[in-house]
Every structure is written in structure tokens, then in C-alpha cells.
Amino acid sequence: MRKTIPPLLVILLLLSAGCVRDLSPTLPAELGAASITAEQTAASTAAKPTAVPGTTAVQELRLPILMYHQLTTKPERTHELCITLELFKQDLDEIEKKGYTPVSMAQVIDFCEQGKPLPPKPIVLSFDDGYESFYVYAYPLLKERKMHATLAVIGWVADRFSKVSDHRLKYSCCTWEQLREMAEDGTAEVLSHSWDLHTMEKGRNGAAQKKGESIEDYRAALAEDMEYMHKAFERAKLPDVPVFVYPYGAFSPDSAEILRSLGIRAAFQCDSRVNILRAGDTDALMRLGRFNRPPGKPLPIE
Ligand SMILES: [Zn+2]
């Protein structure tokens with residue numbers, strides 16, 4: 001567990017390295033174009049919302065989750081994980097036009113666990129890595145439209161940017177103060193992207209089990225990381241939302257059960273598919289797929 005604060009340069013390298021890894025065709029293959037095309041085809045034939053006979057309560061529904069990272073006003077800076085503010089605005093228009101309602105993960109969990117209804121055509125807008133561009137560009141737009149989004153933050157990075165005056169939107173991340181402001185008015189649900197597992201150092205690939213690591217040691221590593229994040233959220237007076245966002249979308253066969261035993265009730269992966277949720281099916285919550293939103297392509301929703 002990293003207990004010292006690394007220099008800013010290391011943070012930048014880690015974050016940018018993470019983005020590159022996300023795009024590697026040999027690592028999380030979930031972002032591959034072929035995969036997205038196949039999943040979109042599958043999505044178009046997926047089950048439509050159904051109601052229990054004699055009632056109007058929807059028991060099964062489709063939930064697309066969009067995955068964003070960085071926003072910029074400079075088109076020359078866009079890449080697979082960074083789109084323009086202009087395109088993001090267009091996305092919000094299209095989401096509204098197509099009748100989708102951005103919902104919070106608390107609502108999604110309530111549907112799966114308790115059957116509480118969700119609005120028609122629910123969608124989740126998720127942002128990873130806690131970039132400050134979310135606070136400056138996305139937050140005012142979402143607030144104005146009364147839309148929800150999730151923002152997954154890396155604990156030690158938020159800590160670092162809360163202590164430096166260097167805030168350049170090209171790379172800076174939100175401070176705890178900014179995160180609290182966005183959580184308090186209900187616009188953003190701040191989620192854990194781990195305290196310090198957004199790394200491939202020392203044989204670790206995000207929150208996945210290391211090669212040769214015992215299940216006990218793996219469990220202890222996840223528990224320690226979560227404890228750090230829990231304390232950070234407590235210090236920042238942020239609600240500890242029980243949703244974990246796997247760094248790089250990497251996980252192992254035992255990850256979900258361990259996370260669950262530690263209090264997590266939903267987890268975001270990175271594979272491109274529409275989620276089919278059923279009231280009472282809480283397993284689906286632990287393997288939620290998401291569509292990356294790259295520049296230069298249509299929004300991957302019907
Ligand atoms: Zn990430």
C-alpha cells in the first residue's frame with residue numbers, strides 16, 4: 001500500500017499509462033471495435049422491458065452504461081478516452097431526444113435489490129479517473145439538465161490534487177472539495193476506482209488477483225485498499241456509495257465475491273454490452289458492462 005505521496009509527474013505518468021493500457025488490443029479487449037459491434041448487434045435484439053402479468057411494475061429492463069474519461073475544448077487533443085465538450089453536449093441532447101433518463105447507481109441498486117421502479121429507458125453516464133474536466137465542463141451541464149452521472153476517483157490521486165495548486169485541465173483531477181460539492185447537490189455519485197490499485201506495479205493488474213497470490217493475500221489487499229478509500233471518503237464527508245469501478249476493467253474469478261463480502265453491491269467492468277437487469281437479480285449488479293464513448297463515432301445507444 002502506497003503511504004507516501006508520489007510527485008505530480010508520477011501521477012501523470014500513471015494516469016496516462018492507464019489510458020494507453022485501456023486501449024491495448026491485447027489487454028482489456030472490451031474496447032475493441034469488433035467487440036462493440038458484436039455487442040451492439042446483440043443489444044438490438046435484447047429483451048425489452050417486461051411487466052409481471054396484471055401489474056405495471058417492470059421486472060426486467062435494459063440498462064446501457066456509457067463510459068467517459070476526459071473532456072477537452074481542443075479537438076486536437078481528443079483520443080479514444082478523451083472527447084470534446086461539444087460532442088459531450090451533443091450526447092446529452094441525443095440522450096434526451098431518444099427518451100433516456102440518466103439515473104444514479106443508488107436507483108439501479110434499489111431496482112435490482114428491491115424492485116423499486118426506474119424511469120423508462122434508464123441510462124447511466126459514468127466517468128472514470130476523476131478528471132477535473134468533469135467538474136469544469138460536465139458538471140454545470142448535468143446540473144442544469146438535472147441529470148445524474150457517476151465519477152470514479154482514484155483515492156491517492158484526489159488526495160494529491162487536493163494539496164497542489166497546479167490544476168491544468170489537460171491532466172488535473174478533482175479535489176475532495178469539488179467532489180463533495182458535486183455529490184451534495186446530487187449531480188454526481190462519487191465512486192471508488194480504488195485507493196491505489198489503478199496500477200500495474202509489482203505484478204498487479206488493477207484490482208485483479210496477482211499471479212501466484214493466495215486468495216487470503218488477495219482478499220487482504222482488496223480489504224486494505226477499500227479501508228483506505230473508506231477513510232478518505234469519511235474525511236472528505238462523501239457518501240460511501242457501495243459501487244466499485246474496476247481499474248482497467250481488470251478482475252479475477254473471485255473478485256466479485258470478495259468485494260461483496262467487503263460491502264460492495266455493484267461493480268463496473270469495461271466490456272461493451274447492454275445490461276439486462278431483473279428485479280431480484282443482484283448478481284448482474286456485480287458485472288455491469290459499459291460502452292466506451294470515443295470521438296468520431298455515433299453514440300452507442302439505440
Ligand atoms: Zn481508470
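Does L288 count as buried or exposed, and how many C-beta neighbours lie inside 10 Å? L288 counts as buried, because 24 C-beta neighbours lie inside 10 Å. The views below start from this residue and come from a predicted model.

**Figure 1. L288 sits in a loop between strand 12 and strand 13.** Strand 12 spans residues 275–278. Strand 13 spans residues 291–292. Beyond its neighbours within four places in sequence, L288 contacts I65, A266, A267, F268, Q269 and N275. I65 is 223 residues away from L288 in sequence. In space, the two C-alpha atoms are 8.1 Å apart.

**Figure 2. Strand 3 is buried on both sides.** The strand covers residues 65–68. I65 and M67 point one way, while L66 and Y68 point the other. In a regular strand, side chains alternate between the two faces of the sheet. Strand 3 pairs with strand 7, residues 122–128, in the parallel sense over four bridges. In this pairing, I65 stands opposite V124. Strand 3 also runs parallel to strand 13, joined by two bridges. Here M67 stands opposite N292.

**Figure 3. F134 belongs to the largest nonpolar core.** That core has 75 residues. F134, A138, L151, A158 and A267 touch the most other members. A267 is also one of the contacts of L288. Leaving out residues up to four places away in sequence, F134 touches L71, F127, Y139, L151 and C174. In soluble globular proteins, nonpolar side chains tend to be buried together.

**Figure 4. Strand 9 is covered on both faces.** Five of its five residues are buried. A188, V190 and S192 lie on one side. E189 and L191 lie on the other. Strand 8 runs parallel to strand 9, and five bridges join them. L151 stands opposite V190 in strand 9.

**Figure 5. Helix 7 has a buried side and an exposed face.** The helix spans residues 176–184. W176, Q178, L179 and M182 are buried. They fall on the same side of helix 7 because they cover an arc of only 160° around the axis. What lies over these buried residues? The cover includes helix 5 (132–144), strand 8 (149–153), helix 6 (155–161) and strand 9 (188–192). The face turned away from the buried side carries E177 and E184, both exposed. Just after the helix, G186 takes a positive phi of about 80°.

**Figure 6. K121 and K202 are two lysines with positive phi.** K121 has a phi near 50°. The residue lies in the loop between helix 4 (105–114) and strand 7. K121 is partly exposed, because 18 other C-beta atoms lie within 10 Å. K202 has a positive phi of about 50°, although it is not a glycine. K202 lies in the loop between strand 9 and helix 8 (215–235). K202 counts as exposed, because it has 6 C-beta neighbours inside 10 Å.

Figure 7. Buried residues make up 42% of its 302 residues. Among contacts with a separation of 6 or more, 67% join residues 24 or more positions apart.

Terms used:
Residues are numbered from 1 along each chain as its sequence is written. This is a predicted model: local features need pLDDT of at least 70, side-chain atom pairs count only at pLDDT 80 or more; totals for chains, interfaces and linings use all residues. A nonpolar core is a set of buried Ala, Val, Leu, Ile, Met, Phe, Trp, Tyr and Cys residues joined through C-beta atoms within 7 Å. A residue is buried if 20 or more other C-beta atoms lie within 10 Å of its own, exposed if 12 or fewer, and partly exposed in between; C-beta atoms are placed from the backbone. Two residues are in contact if their C-beta atoms, placed from the backbone, lie within 7 Å. The arc is that of the directions from the helix axis to the C-beta atoms. Two strands pair if DSSP finds at least two bridges between them.
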